[in-house]
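Subject: Structure for you to look at

Hello,

Here is the structure I promised to hand over. Please open it next to this email and follow along.

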Amino acid sequence: MTTSTMNFSHTRRTLVIAGLAAGSLPLQTAAQTTAAPARTPDVVYVPTPTEVVDAMLKVARVSGKDVLYDLGSGDGRIPITAAKRFGTRGLGIDIDPRRIEEANANARNEGVTDKVKFVLGDLFELDLRPATVITLYLLPTLNVKLRPKLLTLKPGTRIVSHDFDMGDWKPERTLEVGNRNVHFWTIPAGGDYPKK
């Protein structure tokens with residue numbers, strides 16, 4: 001089944017990131033799985049269109065060997081699609097408990113609960129080190145705020161952002177998907193990056 005036939009609701013979207021390493025999914029601490037958000041979401045929830053999800057997964061070259069972290073995972077469509085299509089393991093995090101409930105229901109409906117998990121929490125508090133791929137749909141200011149944390153990840157970790165860039169960190173590739181953009185970076189060795 002493709003993402004176009006998945007039964008995802010089209011309410012609002014908070015944040016996105018994807019990436020997971022081999023082995024069991026690391027579940028987060030109790031503080032990251034509480035019943036209420038620790039703070040107000042930074043962005044309004046807007047679902048990523050199916051064609052953009054497809055482009056994000058394609059440019060990141062995801063496979064069954066990857067661990068995908070989706071930061072601001074909303075209804076879970078990115079990790080769920082990666083799991084169904086490529087066998088990718090994934091973790092989604094969102095600050096809105098309604099989105100986590102929805103994403104877990106979607107994972108059950110799509111039969112991928114053995115591959116993907118969704119946790120309630122603040123993406124800035126999440127340990128990103130297990131990820132081999134991270135997906136984002138955040139505002140430019142949030143991408144820049146997250147950038148120092150991303151640059152501490154293992155060299156070769158792939159980062160994909162829907163629409164928004166990383167300030168002066170030049171993307172390796174930018175794809176146009178209709179009227180939207182998909183930006184792609186690879187974490188460099190040494191934490192330095194090519195500037196625009």
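Below are my notes, taken strand by strand and then by side chain. Please keep in mind that this is a predicted model.

**Strands β2 and β3**

Start with strand β3, residues 116–120. Four of its five residues are buried, so the rest of the structure largely encloses this strand. Its partner is β2, residues 89–94. The two run parallel and are joined by five bridges. To find the pairing on screen, look for Leu91, whose bridge partner in β3 is Lys117. Between the two strands the chain passes through helix α3, residues 97–110. This β-α-β crossover is right-handed.

Next comes β4, residues 133–136. Val133 and Thr135 point one way from the strand. Ile134 and Leu136 point the other way. All four are buried.

β4 pairs with β1 in the parallel sense, over four bridges. Asp70 has Thr135 of β4 as its bridge partner. β4 is also joined to β5 by four bridges, and these two strands run parallel. Here Leu136 stands opposite Ser161 in β5. The chain gets from β4 to β5 through helix α4, residues 140–150. That β-α-β crossover is right-handed.

**Helix α4**

Which residues of α4 are buried? They are Leu142, Asn143, Leu146, Arg147 and Leu150. Looking down the helix axis, these buried residues fall within an arc of 155°, so they line one face of α4. Their cover includes β1, β4 and β5. On the other side of the helix, Thr141, Lys145 and Pro148 are exposed.

Lys145 has one more feature. Its charged end sits over the ring of Phe124, 4.5 Å from the ring centre.

**Aromatic pairs**

How many aromatic pairs are there? The count comes to two.

One is Tyr137 with Phe164, and this pair is stacked. The ring centres are 6.3 Å apart, with 20° between the planes. Tyr137 is buried, with a relative accessible area of 13%. Phe164 counts as partly exposed at 25%.

The other pair is Trp169 with Trp185, and it is tilted. Here the centres are 5.8 Å apart and the planes 45° apart. This pair also links distant parts of the chain, 16 residues apart. Trp169 is in the loop between β5 and β6. Trp185 is in strand β7, residues 180–186. Trp169 is buried, at 2% relative accessible area. Trp185 is buried too, at 0%.

**Two positive phi values**

Check the backbone at Arg61. Its phi is near 55°, a positive value in a residue other than glycine. Arg61 is in the loop between α1 (50–59) and β1 (67–71). Is Arg61 buried or exposed? Arg61 is exposed, with a relative accessible area of 53%.

Then look at Asp163. Its phi is near 75°, again a positive value in a residue other than glycine. Asp163 lies in the loop between β5 (158–162) and β6 (173–177). At 22% relative accessibility, Asp163 counts as partly exposed.

**Gly64**

Last, Gly64. It lies in the loop between α1 and β1. Gly64 is partly exposed, with a relative accessible area of 44%. Which residues does Gly64 contact, leaving aside its neighbours within four places in sequence? They are Phe86, Gly87 and Thr88. Gly64 and Gly87 are 23 residues apart in sequence. In space their C-alpha atoms are 4.4 Å apart.

That is the tour. Send me any questions once you have had a look.

Best wishes

Definitions and conventions
Residues numbered from 1 in each chain as written. Predicted model: local features only at pLDDT ≥ 70, side-chain atom pairs only at ≥ 80, totals over all residues. Heavy atoms only, no water. Buried < 20%, exposed > 50% of the residue type's maximum accessible area, 1.4 Å probe, protein only. Pairing = 2+ DSSP bridges. Right-handed = clockwise from strand over helix to strand, strands pointing away. Phe/Tyr/Trp six-rings, centres within 6.5 Å; stacked < 30°, edge-to-face > 60°. Lys NZ or Arg CZ within 6 Å of the ring centre and 35° of its normal. Arc of directions from axis to C-beta. Contact = heavy atoms within 4.5 Å.
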